[in-house]
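Subject: The model we talked about

Hi,

Have a look when you get a moment, and tell me how you read it.

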Amino acid sequence: MSGLEKKSGRPLSQNTEALDRLITTLRSGGSNVAGLLLLLIVLSGLFSVLMPRMFPTITTLQAMALQIPVLGLLSIAMAVPLISGGLNLAIIATANGSGLLMAWILTGLMPPHAGGATLVIWLSAALVAGLAACILVGIVTGLLVADIGVHPILVTLGTMTLIHGLSIFLTRGRTLSGFPDFLIAISNNSWMGVPISFFIFAVVAVIVHALLTRSKLGIRIHMIGSNLEATRYSGVSTRRVLVWVYVISSVLCWLAAVLMMGQLNSAGADFSQSFLLITILAAILGGVNPYGGFGRILGLFIALWILQVIASGFNLLNISPHLALASWGLILIFVMAVKRVAAIHSLTLIGRRSQKDIQTKPISGERPEDQQ
Amino acid sequence: MPRLFETLFGKTESALGVATVVICIVFSLSTPYFLTVSNVVNLVQAYSVTTILAAGAFVVLVCGGIDISFTATASAAQYLAASLLTHYGFSAVPALALAAALGISLGCINALLTHYLRVLSIIVTIATSSVYYALLVYITNAQEIYNLPDWWSNKFTFIKYVSPNGDVARITLPIVIMIAVVLLTQYIMGRAKIGRQIYAFGGNPEAAERIGIGVLKVQLFAYGYLGFLASVAGYVQAARVHQAVPTAMAGQELNVLAVAILGGASLVGGVGTVGGVVLAVMFLAVLQDGLNLLGVSSYFFGVVTGLAILVSISMTGYAEKLARRRYTTGTQS
């Protein structure tokens, strides 16, 4: 026992030290956020040089801030399950479903031309009903994920199909429109030059960031993402944490639904379907690890700006929006390739150092882990 | 009692088979229009594209990956073939061969990126599908091609059957191609060496590499085969609707994946049979058609599909839990 310790004591501790350092940098997301910021600055600079009179203006900035919130809220709704090692394919269906419920209350139940107190009561009733529906969806999804024990992709594929099916069945594929001015004002008005919806998004992003990094629940969400079984054996009720993950995700969908209703002045079962995969793209671009356990909302926030800068820049240059979408995909592949090269580099560094020390095959080996 | 549940539900294929037979009997008894030759043939024809795509998606699932770019690939291959034929005066064989080559290469790009970037294939294919799809719509301007050549859009009839009451049933090209695809996939996954290697790699990539399986080769084959089947599906889809539309198949990828998973393919890889996938398509097809004939609104079908997926994965999850418990405690009850 002591002989073993002696033989491997110093080198092994150095080896783990290096690994620890790697894990800390990965966890803090430092290099990742810096890299994303650099990318954002390069892209903004590029478009500013190309269009010095059009791009770097307050108007463009405002337009971008108006576009980000809905996709941003949905991306956070995707990022939280991703960090827990899962995925929520039902976010768009949930948002549309609760949007339709709120729209039905506002257009079908509320007496037309309601004003004053009646309007306030009906509006709050609609919002509370939508929120309650989303919380219910979250609880059911979380329980299914925790108890069935199959991958969340499968569970949420099922809930997505079911919720979307219910929306289609109840509306017969129609859309509902015509909402109170208050709802429309939230999504379209500005306060001190900044769109109100962007304020909402920013506040939510800060809250979720704090929740994930500072609270007990947040740490447990990360732990589950790293190793669910180990977390369970360390005495954490993984079931409760999973339910929280999907409740948070669904509540964010509700917020997105409220903003979407205001922006479009209508609600439907098939709105924004194309956002589903883009939210995953944004989250991964923002440094969320697809295997779970790692990810920062700050990175996601910058990633959303990168995507929006590309979209707005292409739009101002009169380049097809389809090419913007294509370049979003290419940017993600590019960032993943850079990370891969960086991972190979840092792991061979560790390998070389420990090899010099202990003259044996390094623990981390030539085959780097899939952890990026 | 748990044993009974396991024998009943443990194997997805048998559960699906039983469920399909049961609903077939129920529908045949409740409506005279269900079990007619023409209805069955039409049903098979309507689901030919889904079956072909699901067979390809299944191979990638067995390989341990998830590809969601195949509808973009199918649309791209379909459009390439259609424009080569109508605008550039190609004859049938080279046009279709080029379309198949495009499908295979797009699939191989996915395999190469997945292999070298070491990222989950679902992430890679989300990126590539937005690239493929956006480029396709940009290049084609989302314009349809209507004037497909006769041999493509005209329905080849292999067998024509007229029932006593005058219903006509035609075995057409989509059905024949679908059957060929299913048999080919069954041969590859059940008999050929590469198929066994795909199962091995999907079950345990590390072990597969150590026993000398060419890891990159296996992935190239699986994703390339899906790309090839996507081009076939693109061809069949255009034959059914008589036109090539770049956006026709957008958004179908998750539905097709749901079918493959319902059929027993696991996301972890290494599990599943072609028969299961075919049964899953049959189950959903029969369910939708029967409900239609019974006068249930077709709007209700999404609810049914969602419930079917949730029930199916619950049963698989329950069976796995039982198996695990028996394995860990060693009880023989």
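Which side chains meet in a salt bridge at 3.3 Å, N to O, in chain B? They are those of Glu206(B) and Arg210(B), where a salt bridge is a side-chain nitrogen of Lys or Arg within 4 Å of a carboxyl oxygen of Asp or Glu. Both residues sit in helix α11 (residues 205-210) of chain B, 4 residues apart, about one turn of the helix. Helices here are DSSP runs of H or I with at least four residues, strands are runs of E with at least two, and both are numbered from the N terminus. Glu206(B) is partly exposed at 34% relative accessibility, whereas Arg210(B) counts as exposed at 68%. For these classes, buried means under 20% relative accessible area, exposed over 50%, and partly exposed in between (1.4 Å probe, protein chains only).

Before the rest, some housekeeping. This is a predicted model, so local features need pLDDT of at least 70 and side-chain atom pairs count only at pLDDT 80 or more, while totals for chains, interfaces and linings use all residues. Residues are numbered from 1 along each chain as its sequence is written, chains are lettered from A and ligands numbered from 1 in the order in which they are written, and side-chain values use heavy atoms, with hydrogens and water left out.

On confidence, the predictor gives the complex an ipTM of 0.83 and a pTM of 0.83. Chain B has a mean pLDDT of 84 (the predictor's confidence in each residue, from 0 to 100), and 93% of its residues reach 70 or more. Where pLDDT is low, the predicted coordinates should not be read in detail.

Now chain B as a whole. It contains 15 helices and 2 strands. Its radius of gyration, taken over C-alpha atoms, is 21 Å, close to the 20 Å from the globule rule for 333 residues (2.2 Å times the number of residues to the power 0.38), so chain B is as compact as a globular protein of that length. The C-alpha trace of chain B spans about 70 × 60 × 35 Å along its principal axes. Of its 333 residues, 53% count as buried.

Chain B also has a nonpolar surface patch made of Phe156(B), Phe158(B), Ile159(B) and Val176(B), with about 380 Å² of accessible area together. Patches take residues with over 30% relative accessible area and no salt bridge, joining like charges within 9 Å and nonpolar side chains (Val, Leu, Ile, Met, Phe, Trp, Tyr) within 5 Å. Areas come from the Shrake-Rupley method with a 1.4 Å probe, and for residues only the protein chains shown count as cover. Phe158(B) belongs to strand β1 (residues 157-162) and is partly exposed at 47%.

Back to salt bridges: the count over all chains is 3. In chain A, Asp147(A) and Arg239(A) pair at 2.9 Å, N to O. Glu229(A) and Arg232(A) form another, with their closest N and O atoms 3.1 Å apart; being 3 residues apart in helix α10 (residues 228-233), they are separated by about one helical turn.

Asn318(A) has a positive phi of about 65 degrees although it is not a glycine; Asn318(A) is in the loop between α13 (297-316) and α14 (321-358). Arg118(B), also not a glycine, has a positive phi of about 50 degrees and lies in the loop between α6 (92-117) and α7 (121-140) of chain B.

Best wishes
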